Amino acid sequence: MKTLNKSIALTLLALSSFIAIPQTQAAEANSITQQKQVAGFYQHQLGNVQITALLDGTNYLSPALFKGISAAEVTQILKKYYANQAKDVQTSVNAFLVNTGSSLVLVDSGSSSCNGPNFGSVVKNLNAAGYKTEQVDTILLTHLHPDHVCGISAKGVASFPNATVYVADNEANYWLNSKQVSKLPPDKQARFKQTVEKIQQAVQPYQTTKRFKTFKLGDKIKGFDVISTAGHTPGHFSFAFKSGNEEIVFVGDIVHSHSIQFDQPETAIDFDVDPKKAVQTRLAQFARLAKQGQTVAAPHLPFPGIGHIYSKDGKSYQWIPVHFKD
Ligand SMILES: [Zn+2]
């Protein structure tokens, strides 16, 4: 009887501890709240000029969007980069603010509300970086896709009330000429119209106040040289700015992935209007930037999207991101 009592007591003790331990652990796990990521801005000095990278948001792209590469190759590359395979291919949307001392220039503007709740943080991060939207006098758009243009406005109101917006004339003509849609294959017209609607809404407040302007090859805007990098869209341009003997190139969407398209730069992406030309442009620009060593700022490379392009053999490339400096 005594033995039986002892065994019951031990069982009860075991049961009570079995129940008690997880409760204690759960309480401990909940007692310290996890915190949010730091604000999405990063200051980078280039000569006398301060460049602020502004995060609009982060998203994950399906590997199926990458063209001309097998699923097995994608898996292999992502494994090498320790990318979370279950979450697809991580992609940032970044914009860049350039403080030249006399002018505040925004290069691309993020998505505003055009691409869902993961995006639309450019203005919030610009404020967090210590700037005001009223101070921005110039906006340069690499192209008119919604993740670059929508951020200039919110609900039909200009988000940068004192800024003039610049885009290439052939880019504006492609998206904003009402005759363009009929030139497209019927299966592409609906998607095109949806995109155009978003673009029109974003640019409208600037058109109304005559602050929507176009440029062409050879023009210079506020000290920025314009470089034709067509393919991703017909009037896609990059912008180069020099300070002292340093140069930064805002490359726009010549690249969408720091892993797949650096390892295999011939890989196109579904969003390319002319995939063949987009690949040619990437190959030419990667070769040039790897050889000449300019600093690169890219809207879809991991935030802050500033770094250099390296190549050992001229065939595959490596993204070398900037290292944190205070
Ligand atoms: Zn884009």
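I took exposed to mean over 50% relative accessible area, and buried to mean under 20%. The model is a predicted one.

Entry 1, helix α2. I looked up which residues of α2 (residues 71-80) are buried and found V74, I77 and L78. Viewed down the axis of α2, these buried residues fall within an arc of 95°, so they line one face of the helix. I noted that A72, Q76, K79 and K80 are exposed on the other side of α2. The buried residues of α2 pack against β4 (89-99) and α7 (260-263). Just after α2, I found Y82 with a positive phi of about 55°.

I checked how α5 (residues 169-176) lies against α6 (residues 186-208): their axes come within 9 Å and cross at roughly 120°. The two helices are therefore oblique to each other. From α5, Y174, W175 and L176 meet residues of α6, including F192, V196, I199 and V203. I recorded the residues of this contact as 7 nonpolar, 3 polar and no charged.

The largest nonpolar core has 32 residues, and V136, I139 and I152 touch the most other members. I listed the elements that give two or more residues to this core: β4, β5 (104-107), α3 (122-128), β9 (164-168), α5 and α6. The largest share, 6 residues, comes from α6. For I152, I found contacts that include I139, L141, F160, V165, V203 and Y206. Apart from this core lies another, of 23 residues, among them L140, F237, F241 and A297.

Note on methods:
Residues numbered from 1 in each chain as written. Predicted model: local features only at pLDDT ≥ 70, side-chain atom pairs only at ≥ 80, totals over all residues. Heavy atoms only, no water. Axes fitted to C-alpha atoms, helices over the stretch in contact; angles between N-to-C directions. Helix = DSSP H or I, 4+ residues; strand = E, 2+ residues; numbered from the N terminus. Parallel < 35°, antiparallel > 145°, perpendicular 65-115°, else oblique. Contact = heavy atoms within 4.5 Å. Nonpolar A, V, L, I, M, F, W, Y, C, P; charged D, E, K, R; others polar. Buried < 20%, exposed > 50% of the residue type's maximum accessible area, 1.4 Å probe, protein only. Arc of directions from axis to C-beta. Core = buried A, V, L, I, M, F, W, Y, C linked by side-chain atoms within 4.5 Å. Lists of a residue's contacts leave out its neighbours within four places in sequence.
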